[in-house]
Amino acid sequence: MIINSELHLFKNPDIYYETLRDKNGTIAAIYSHRDSDGKKKYCCLNNIEQTYVKGYDTVSAAKEQFFKYYEVYEASLS
């Protein structure tokens, strides 16, 4: 179960960085980056699998994909 989400604020409003935690610590980070065209995209760093996927158009799309993975992961623990 995800315990909390923490949004990290920077002086540069163009930077987005959020961490998701469960009882074992940080399980994911969602952060902004620029693609080759200079468009703002979002990346999900999955700390459980040690993988990352970049290129999401929105924060919610990146989170949604991670939560789908996390539901399967959490079910496998029981």
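Which residue takes a positive phi in the hairpin of β4 and β5? Gln 50 does, at near 60°, and this hairpin has 4 residues between the strands.

The model is predicted: local features need pLDDT of at least 70, side-chain atom pairs count only at pLDDT 80 or more, and totals for chains, interfaces and linings use all residues. Residues are numbered from 1 along each chain as its sequence is written, and side-chain values use heavy atoms, with hydrogens and water left out.

View 1. Strands (E, at least two residues) and helices (H or I, at least four) are DSSP runs, numbered from the N terminus. Buried means under 20% relative accessible area, exposed over 50%, and partly exposed in between (1.4 Å probe, protein chains only). Strand β5 (residues 51–56) runs antiparallel to β4, joined by 5 bridges. Two strands pair if DSSP finds at least two bridges between them. Thr 51 in β5 is the bridge partner of Asn 46.

**View 2. The hairpin of β3 and β4.** Strand β3 covers residues 25–34 and pairs with β4 in the antiparallel sense over 7 bridges. Ser 32 stands opposite Tyr 42 in β4. The hairpin has 5 residues between the strands. Among them, Gly 38 takes a positive phi near 85°.

View 3. Helix α1 (residues 59–77) has 19 residues. From first C-alpha to last, α1 reaches 27 Å, close to the 27 Å expected at 1.5 Å a residue. The expected span is 1.5 Å times one less than the number of residues. Val 59, Ala 62, Phe 66, Tyr 70 and Tyr 73 of α1 are buried. They cover an arc of only 70° around the axis, which puts them on the same side of α1. The arc is that of the directions from the helix axis to the C-beta atoms. On the other side, Ser 60, Glu 71 and Val 72 are exposed. The buried residues of α1 pack against β1 (2–8), β2 (17–22), β3, β4 and β5.

**View 4. Glu 18 in its surroundings.** Glu 18 lies in strand β2. Its relative accessibility is 4%, so Glu 18 counts as buried. The side chain of Glu 18 makes a polar contact with the side chain of Lys 63 (2.9 Å). A polar contact is a pair of N or O atoms within 3.5 Å; within protein, one must be able to donate a hydrogen and the other to accept it, and residues adjacent in sequence count only if both atoms are side-chain atoms. Not counting residues up to four places away in sequence, Glu 18 touches residues including Leu 7, Ala 29 and Val 59. Contact means heavy atoms within 4.5 Å.
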